[in-house]
Amino acid sequence: MRADVMARGAGGTAPVAEPYNALSRQIGEASYQVTDDQMEAVRMAAGSDKAAFEIVFAASVGAGLTRWDAAFHAIEGLDDASA
């Protein structure tokens, strides 16, 4: 489940059940727009704050790695500036 949520947070199409799908997709696209209702739905479905945290963390790692890869590839093609 964590691997699928991580992939979904990274923009992938991994099949993830609701409400985890909506939250992981939202974290990947615009985490600042995650709502209290989304978090409450995940807490209820997961059964604990710890399990909900693991979902949020996995989606965040996926989103972060995607951004890291994009930045790395953008920088990779640049030449060093002359001194």
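Tutor: Residues are numbered from 1 along each chain as its sequence is written. In this predicted model local features need pLDDT of at least 70, side-chain atom pairs count only at pLDDT 80 or more, totals for chains, interfaces and linings use all residues, and side-chain values use heavy atoms, leaving out hydrogens and water.

Student: Why is L65 called partly exposed?

Tutor: Buried means under 20% relative accessible area, exposed means over 50%, and partly exposed lies in between (1.4 Å probe, protein chains only). L65 has 42% relative accessibility, so it counts as partly exposed. You will find L65 in helix 4; helices are DSSP runs (H or I, at least four residues), numbered from the N terminus.

Student: What makes the buried residues of helix 1 lie on the same side?

Tutor: The buried residues in helix 1, residues 2-9, are V5, R8 and G9. They cover an arc of only 100° around the axis, and therefore sit on the same side of helix 1. That arc is taken from the directions from the helix axis to the C-beta atoms. An α-helix has 3.6 residues a turn, so residues three or four places apart point the same way. Among what covers these buried residues are helix 2 and helix 4.

Student: Why are helix 1 and helix 4 called oblique to each other?

Tutor: Their axes come within 7 Å and cross at roughly 45°. The axes are lines fitted to C-alpha atoms, for helices over the stretch in contact, with angles from 0 to 180 degrees between N-to-C directions. Under 35 degrees counts as roughly parallel, over 145 as roughly antiparallel, 65 to 115 as roughly perpendicular, and the rest as oblique. Helix 1 and helix 4 are therefore oblique.

Student: Which residues of helix 1 make that contact?

Tutor: R2, V5, M6 and G9 of helix 1 make it, with partners in helix 4 including I55, A58, A59 and L65. Contact means heavy atoms within 4.5 Å.

Student: What makes up the largest nonpolar core?

Tutor: It has eleven residues in all, including V5, Y20, I27, M39 and A59. A nonpolar core is a set of buried Ala, Val, Leu, Ile, Met, Phe, Trp, Tyr and Cys residues joined through side-chain atoms within 4.5 Å. Helix 4 gives the largest share of this core, four residues. One of the core residues, A59, is in contact with V5, M6, G9, S24 and I27, leaving aside neighbours within four places in sequence.

Methods: Helix = DSSP H or I, 4+ residues; strand = E, 2+ residues; numbered from the N terminus.
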